[in-house]
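This report describes the fold of a single protein model, element by element. Please keep the sequence and the structure in view while reading.

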Amino acid sequence: MNDPIGDMLTRIRNAQMRGKSTVSTPASKLRAHVLDVLADEGYIRGYESASDRQGHPTLEISLKYYEGVPVIREVKRISKPGRRVYLGVDNLPSVRQGLGVSIVSTSKGVMSDAAARSANVGGEVLCTVF
């Protein structure tokens with residue numbers, strides 16, 4: 001798999017289109033950090049570490065709905081393996097005039113765009129969520 005973050009976001013998008021309450025994805029530290037940001041911002045209920053039938057570690061993501069509609073309306077991968085996008089703190093994008101969030105991988109860890117601005121650091125823009 002070339003793009004593990006893109007794979008996880010696609011799994012979340014597909015599960016929400018089907019109305020699933022949970023979705024499973026292979027575990028990694030970067031995926032867990034991205035899920036931490038999504039949980040902190042209120043886009044998912046949370047996640048738990050688990051393992052599949054073969055014993056490989058997985059992450060069970062609990063999706064969040066409001067009145068039957070998914071909380072995540074749009075998720076878009078920005079920095080891809082073929083084209084990395086690095087931005088300074090002054091150029092970090094604002095998603096939907098501040099209603100959405102950009103997830104940024106910085107030297108101080110994976111954080112939202114607002115947290116990156118307050119920490120005065122830029123980095124790789126992984127994705128945007130609205």
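Which residues does Val129 touch, not counting residues up to four places away in sequence? The model is a predicted one, and in it Val129 touches Leu38, Tyr43, Ile72, Glu74, Val75, Val95, Gly100, Val101 and Ile103.

## The nonpolar cores

Val129 also belongs to the largest nonpolar core, which has 24 residues. The residues with the most contacts inside this core are Ile12, Val34, Leu35, Leu38, Ile61, Ile103 and Val129. Two or more residues are contributed to the core by each of H1, helix H2 (29–40), S3, S8 and S10. Another core, of six residues, lies apart from it and includes Leu92, Met111, Val121 and Val125.

## Strand S10 and its partners

Strand S10 covers residues 123–129 and is mostly covered, with seven of its seven residues buried. Strand S8 (residues 101–106) is joined to S10 by six bridges, and the two run antiparallel. Within this pairing, Ile103 stands opposite Cys127 of S10.

S10 also pairs with strand S6 (residues 75–77), in the antiparallel sense, over three bridges. Here Val75 is placed opposite Val129, a residue that it also touches. Strand S7 (residues 86–87) runs antiparallel to S10 and is joined to it by two bridges. Gly123 of S10 is the bridge partner of Leu87.

## Thr128

Leaving aside residues up to four places away in sequence, Thr128 touches Glu74, Val75, Lys76, Ile78, Val95, Val101 and Ser102. Val75, Val95 and Val101 are also among the contacts of Val129.

## The three-stranded sheet

An open sheet of three strands has the order S1-S3-S2, and its pairing is antiparallel. S1 and strand S2 (44–51) are the edge strands, each pairing on one side only. On average, neighbouring strands of this sheet are turned by 25° against each other, direction ignored.

Five bridges connect S1 to strand S3 (residues 57–63). Ser24 stands opposite Glu60 in S3, and Pro26 has Thr58 as its bridge partner there. In a regular strand the side chains alternate between the two faces of the sheet.

## The helices

H1 lies across S1 and S3 and runs at about 160° to S1. H2 packs on the sheet as well, touching S1, S2 and S3, and its direction makes about 155° with that of S2.

How far apart are the end C-alpha atoms of helix H1 (residues 4–18)? At 1.5 Å a residue, its 15 residues should span 21 Å; the end C-alpha atoms are 21 Å apart, which agrees. The buried residues of H1 are Ile5, Gly6, Met8, Leu9, Ile12, Ala15 and Gln16. An α-helix has 3.6 residues a turn, so residues three or four places apart point the same way. Ile12 is also one of the residues with the most contacts inside the largest nonpolar core. Just after H1, Gly19 adopts a positive phi of about 80°.

Conventions
Residues are numbered from 1 along each chain as its sequence is written. This is a predicted model: local features need pLDDT of at least 70, side-chain atom pairs count only at pLDDT 80 or more; totals for chains, interfaces and linings use all residues. Side-chain values use heavy atoms; hydrogens and water are left out. Buried means under 20% relative accessible area, exposed over 50%, partly exposed in between (1.4 Å probe, protein chains only). Helices (H or I, at least four residues) and strands (E, at least two) are DSSP runs, numbered from the N terminus. Two strands pair if DSSP finds at least two bridges between them. The expected span of a helix is 1.5 Å times one less than its number of residues. Contact means heavy atoms within 4.5 Å. A nonpolar core is a set of buried Ala, Val, Leu, Ile, Met, Phe, Trp, Tyr and Cys residues joined through side-chain atoms within 4.5 Å. Axes are lines fitted to C-alpha atoms, for helices over the stretch in contact, and angles run from 0 to 180 degrees between N-to-C directions.
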